[in-house]
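Thank you for asking me to look over this model; my comments are set out below as numbered points. Please read them with the structure open beside you.

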Amino acid sequence: MILPIYLYGHPVLRKVSEPVTKDYPKLKELIEDMKETMYSSDGIGIAAPQVGHNIRLVYIDVDVIADRFPELKGRKMVLINPELTIDEDSKTVTREEGCLSVPGVSENVTRHEKLHIKYTDENWETHDEDIEGYLARVIQHECDHLDGILYVDRVSPIRKQLIRSKLNNIVKGKVRCSYRTKGFKPAHKH
Ligand code: NI
């Protein structure tokens with residue numbers, strides 16, 4: 001089932017998410033729904049808070065950008081309770097990012113290019129991997145969501161100023177989007 005994507009301004013995107021437990025209700029179904037939602041909105045990564053669940057769960061499929069990054073051919077990951085160690089000694093790279101929760105905006109973000117990740121997959125098998133390059137960026141972006149951080153928090157102050165009105169419009173629900181969304185509507189005052 002395709003789920004609505006929660007938009008910038010919604011408080012669910014700003015919470016620190018809880019670890020996933022094996023008995024989380026309908027976990028398999030949620031993972032399938034996240035995949036379907038991500039593919040239908042042309043994303044390459046989606047985090048559970050973006051569909052309204054504050055749990056530490058991410059889905060990534062970067063196969064679609066394998067024309068630019070051949071090493072990503074066929075690469076997809078379900079990350080349950082990921083733990084990142086960013087290699088602070090690795091070089092930093094600046095590239096443009098976007099986010100399904102921030103439609104109509106894309107901005108440069110500087111990130112380290114190497115990290116180590118420990119995670120569990122959907123079959124509760126544990127993985128330990130060294131990752132570098134573009135996938136390391138996608139993983140950092142998605143795992144930020146689990147800590148209530150959005151990539152726009154990481155753009156330069158000057159750029160942040162320049163996109164302020166776009167962000168405010170998203171909060172007010174003044175945004176056009178090709179996929180189903182759920183915005184934050186403040187309560188009516190009488
Ligand atoms: Ni995002």
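The points below take up the metal site, the helix that contributes to it, the aromatic pairs and one serine.

1. The model is a predicted one, and local features are discussed only where pLDDT is at least 70, with side-chain atom pairs counted only at pLDDT 80 or more.

2. The nickel ion is coordinated by the SG atom of Cys 99 together with the NE2 atoms of His 141 and His 145, at 2.1 to 2.3 Å. Along the chain these donors follow the spacing C-x41-H-x3-H. His 141 and His 145 are about one helical turn apart, because four residues separate them in helix H2. In general, an α-helix has 3.6 residues a turn, so residues three or four places apart point the same way. Both of these histidines, His 141 and His 145, are buried.

3. Helix H2 itself deserves a check of its length: at 1.5 Å a residue its 13 residues should span 18 Å, and the end C-alpha atoms, which are 19 Å apart, agree with that expectation. Because 13 of the 13 residues of H2 are buried, the helix is largely enclosed by the rest of the structure. After H2 comes Gly 148, which has a positive phi near 75 degrees.

4. How many aromatic pairs are there? The count comes to two. In one of them, Tyr 39 and Tyr 59 have ring centres 6.0 Å apart and planes at 80 degrees, and because planes over 60 degrees apart count as edge-to-face, this pair is classed that way. Tyr 39 belongs to helix H1 (residues 27-40) and Tyr 59 to strand S3 (residues 57-61), so that the pair links distant parts of the chain, 20 residues apart. Tyr 39 is partly exposed, at 38% relative accessibility, whereas Tyr 59, at 4%, counts as buried.

5. The rings of Phe 69 and Tyr 134 form a stacked pair, because their centres are 4.5 Å apart and their planes lie at 20 degrees. Since Phe 69 sits in the loop between S3 and S4 while Tyr 134 is in helix H2 (residues 134-146), the pair ties together parts that are 65 residues apart in sequence. Both Phe 69 and Tyr 134 are buried.

6. The side chain of Ser 90 reaches the backbone nitrogen of Glu 113 at 3.4 Å, and, leaving aside neighbours within four places in sequence, Ser 90 is in contact with His 112, Glu 113 and Lys 114.

Conventions: Residues are numbered from 1 along each chain as its sequence is written. Side-chain values use heavy atoms; hydrogens and water are left out. A polar contact is a pair of N or O atoms within 3.5 Å; within protein, one must be able to donate a hydrogen and the other to accept it, and residues adjacent in sequence count only if both atoms are side-chain atoms. Contact means heavy atoms within 4.5 Å. Rings of Phe, Tyr and Trp (its six-membered ring) pair if their centres lie within 6.5 Å; planes under 30 degrees apart count as stacked, over 60 as edge-to-face and the rest as tilted. Helices (H or I, at least four residues) and strands (E, at least two) are DSSP runs, numbered from the N terminus. Buried means under 20% relative accessible area, exposed over 50%, partly exposed in between (1.4 Å probe, protein chains only). The expected span of a helix is 1.5 Å times one less than its number of residues. Donors are N, O and S atoms within 2.8 Å of the metal (3.2 Å for Na, K and Ca); water is not among the atoms, so sites may look incomplete.
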